[in-house]
Amino acid sequence: MPTIPVAGSEEFANGPVSPQETRRVVGDSLRLHDVDPAAVDAVDPLTYEVIRHRLTSITEEMGEALKRMSGSVVVTDCNDFDAAIMDEVGDVVQVGLYNTELAASLDMAASWTLRNRCRRPGIGPGDMFLCNDPWVGGGLHQNDVSLFAPLFVDGELFCWTGAVAHQVDLGGVSPGSWSVGATDVFWESLPTPPVKIVEGGQIRDDIEDVYLRRSRVPKLVALDLRAKIGANNVAHERLRALCQKYGAATVKAVMRRTMNDAETRLRAKLSELPDGSWTSVAHQDSARAGDRGIYKIVLTLTKAGDRLTFDFTGTDPQVDGLINCTLTGLRGGIMPVILTMLCGDIPWAPGGIYRCIDIISEPGTINNCTFPAGIGKASVASGWATTNVATECLAGLLDAHPEHRRRVMSVCCGTWDFALLAGVDQRGGGFVTMLCDSMAGGLGARSDSDGVDTGGLACIPMGRVADVEMNEFAFPMLYLWRREEADSGGPGRFRGGVGASSCFIPYDSPLGGVHLVVSAPGKALPLAAGTSGGLPAGTQYDVLVRGSSIRGALAQGWIPSSLEAVGGDRELVAAHHETDLGPDDVYYTHWQGGGGYGDPLLRDPAAVAADVRAHKVSRRGAEEVYGVEFDEHGHIAGEATERRRAALRRRRAGLEMEGASS
Amino acid sequence: MTLQIDDNLEQRDDGTVACRHCGTAVGIAAEPLRDARVRESDPQEAGPSVRAEPRHFTDRQVILRQTFCPRCLTLLQAEIVPADEPSFRTRNLARPS
């Protein structure tokens with residue numbers, strides 16, 4: 001069914017708004033704190049650095065508060081959240097190191113709230129606003145619920161703090177709000193524009209009931225709500241103390257200068273890089289269950305002087321499915337790459353960084369979709385693909401500079417391997433959880449070194465994978481293994497970091513099994529591209545084994561370590577799938593590594609041999625892709641390797657084999 | 001002044017783009033891989049990292065498209081993409097003013 005425009009939805013079609021415009025709309029309904037530009041210049045360097053680092057540490061404390069209060073493994077063990085400090089109009093002064101894509105558009109949410117809530121119901125001390133409407137801002141899909149809070153100092157709105165975390169279920173057709181059959185947003189969790197859920201320091205019960213009523217796990221979501229309230233409260237306590245010690249004007253001056261500093265330093269770095277344009281493409285296979293299409297995001301990155309332009313012209317139109325993302329997702333796809341590849345030595349102040357970039361994108365495309373397109377998977381679908389294509393283009397830009405090319409990194413783990421379990425846990429309670437094992441994705445290869453094996457994800461610098469034991473304790477499942485997978489890193493002169501796999505069974509649920517939702521593309525084609533002649537990382541590969549002999553093996557005290565050993569009937573799992581796992585079923589999921597860098601035939605044979613010994617590369621991969629031969633003792637056969645490489649060089653280019661050994 | 005484009009390519013003063021390994025011209029600034037050798041093949045030729053055939057998941061043909069230096073046959077660019085799409089991957093380095 002084609003997406004039908006919804007009258008009135010344009011009110012929520014938000015975009016970045018200038019501070020001046022926000023101030024103009026707010027008018028005299030609210031006193032917004034400000035500071036004179038001269039005061040910004042007047043802050044001495046020592047005070048600036050002390051307060052700036054304090055702001056950074058406050059975002060870390062917000063993260064700690066969130067983790068300590070949450071009861072969701074996704075938050076406590078996997079760090080799928082973030083926190084930020086914004087100025088009085090919402091510009092982000094400091095973003096935390098957790099999931100940076102979640103905080104990339106908090107500015108849009110805070111600004112929208114100022115412009116649309118300042119008069120009715122009003123914004124006052126002790127208030128907090130909840131939002132999970134990605135057309136407005138905040139998180140990238142409905143599961144990313146943001147809670148942002150104005151801090152008032154001396155009767156003026158001094159700044160905002162915000163916390164965003166992935167909630168494991170907020171309703172919709174499928175458990176986990178990951179409705180794999182969705183054709184539009186009405187299959188999914190209800191997007192909620194900014195609503196005052198905390199008023200004068202008290203939770204509004206009526207609003208909380210509206211929020212929680214939609215969830216399959218309301219108690220867990222309620223706990224996470226309080227964790228986010230706690231994170232904001234911690235931040236406000238620290239910021240008040242900072243204002244008391246240094247004065248609000250000085251703290252605000254530091255906020256301004258932090259953003260100015262980020263802008264100035266990024267412009268300086270961009271000025272050092274060569275001008276030019278880099279075009280690339282990121283694909284996704286399957287928009288929903290049963291769909292066999294492939295969709296593309298095209299990016300031309302132009303660097304001119306001290307500015308970057310991200311032009312997404314050529315990107316596919318939005319689709320009937322759950323893979324679209326809004327402008328929030330597009331920005332969330334870009335900002336993590338800029339932070340990690342360009343801003344390692346620059347304050348992570350998106351409010352200043354955004355001043356250096358322009359975005360050209362047509363509304364109605366898969367990474368800038370209009371209401372009511374399906375967006376249930378936005379963060380790890382079109383948002384993630386935006387990250388992939390931005391990574392590739394920025395890597396090309398950096399590669400053209402003799403010094404900055406050390407910052408090059410190929411595309412990291414090409415997609416999120418989504419596997420969601422739901423049902424009744426071993427304690428008899430209902431549960432829903434997203435497995436976050438693929439937080440251990442492979443990082444992309446560098447221009448001078450291999451990618452980090454199972455090193456994480458580009459967008460979540462502090463992402464973690466929960467211990468196997470924690471997942472087994474919390475949920476009715478038993479792991480057969482979780483391990484790195486050979487050949488999953490993209491081959492290259494420098495190899496992409498390998499990804500990994502998990503294999504598990506339902507275990508100890510009173511129902512005997514669990515419900516499984518799968519949303520994991522990258523099966524028809526790999527999504528983590530290589531750079532400079534490097535090959536892409538491996539494809540996503542999920543297998544469901546029905547009617548296995550696993551129970552018998554366990555009864556004999558034996559844990560199988562291969563799919564062959566569990567018997568049963570194997571089914572290749574499509575990118576989107578929903579089913580039940582019975583007591584004799586086994587689920588195997590294998591996520592991606594990072595892309596390679598440079599021609600694999602230029603890789604040092606000794607490095608290939610070391611990879612084989614460490615099970616990072618198989619013997620077959622070593623021979624067929626890297627052209628390395630081994631003798632009967634497993635040592636490199638030098639002359640045979642030279643001959644094989646010469647032959648392979650011609651064969652892969654489609655040339656005759658004759659004369660290859662010369 | 002010669003500009004390095006990436007691990008394999010450089011752009012010369014006259015706008016020629018050449019292989020850094022053997023010096024062979026492979027294109028011009030506006031089309032850096034214009035004269036390079038392109039080969040399209042089955043994605044599983046990329047090696048064991050391509051775990052399953054694309055036909056299990058899509059009805060579109062998927063290919064491994066590799067671009068080589070025509071002389072030394074160094075792999076300059078590799079992509080696994082739908083066969084009916086042109087290669088979008090390109091770069092255009094401006095000359096320093």
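**Ground rules.** Residues count from 1 along each chain as its sequence is written, while chains are lettered from A and ligands numbered from 1 in the order in which they are written. Since this is a prediction, I kept in mind that local features need pLDDT of at least 70 and side-chain atom pairs count only at pLDDT 80 or more, whereas totals for chains, interfaces and linings use all residues.

**Chain A, overall.** I looked up the secondary structure and got 16 helices and 20 strands for chain A. Helices here are DSSP runs of H or I with at least four residues, strands are E runs of at least two, and both are numbered from the N terminus. The radius of gyration of chain A is 25 Å, close to the 26 Å of the globule rule for 662 residues, so chain A is as compact as a globular protein of that length. (That radius is taken over C-alpha atoms, and the rule is 2.2 Å times the number of residues to the power 0.38.) The C-alpha trace of chain A spans about 80 × 60 × 50 Å along its principal axes. Buried residues account for 60% of the 662; buried is 20 or more other C-beta atoms within 10 Å of a residue's own, exposed is 12 or fewer, partly exposed is in between, with C-beta atoms placed from the backbone. I also checked contacts in chain A between residues at least 6 apart in sequence: 75% of them join residues at least 24 apart. A contact is two C-beta atoms, placed from the backbone, within 7 Å.

**Domains of chain A.** I noted domain 1 (14–174 + 187–264), domain 2 (409–597) and domain 3 (600–652), with bounds from an automatic or database domain assignment. The centres of domains 1 and 2, over C-alpha atoms, are 33 Å apart. Across that boundary, 16 residues of domain 1 contact 20 of domain 2. The domain 1 side has seven nonpolar, four polar and five charged residues. For these classes, Ala, Val, Leu, Ile, Met, Phe, Trp, Tyr, Cys and Pro are nonpolar, Asp, Glu, Lys and Arg are charged, and the others, Gly among them, are polar.

**Helix α14(A).** I went through residues 605–613 and found V608(A), D611(A) and V612(A) buried. They cover an arc of only 100° around the axis, so they lie on the same side of α14(A); the arc uses directions from the helix axis to the C-beta atoms. A606(A), A610(A) and R613(A) are exposed on the face turned away from the buried side. The cover over the buried residues includes α15 (619–624) of chain A. Just past α14(A), H615(A) has a positive phi of about 60°.

**Where B meets A.** I got 42 residues of chain B in contact with 53 of chain A. β7(B) gives the most to chain B's side, with eight residues. By class, that side holds 21 nonpolar, eleven polar and ten charged residues. Strand β8 (276–285) of chain A runs antiparallel to β8(B), joined by four bridges; pairing takes at least two DSSP bridges. In that pairing W278(A) sits opposite R91(B).

**Chain B sheet.** I traced an open, antiparallel sheet of four strands, ordered β1-β2-β3-β4. β1 and β4 (25–28) are its edges, each pairing on one side only. β1(B) and β2(B) (9–11) share two bridges, and L3(B) has Q11(B) as its bridge partner.
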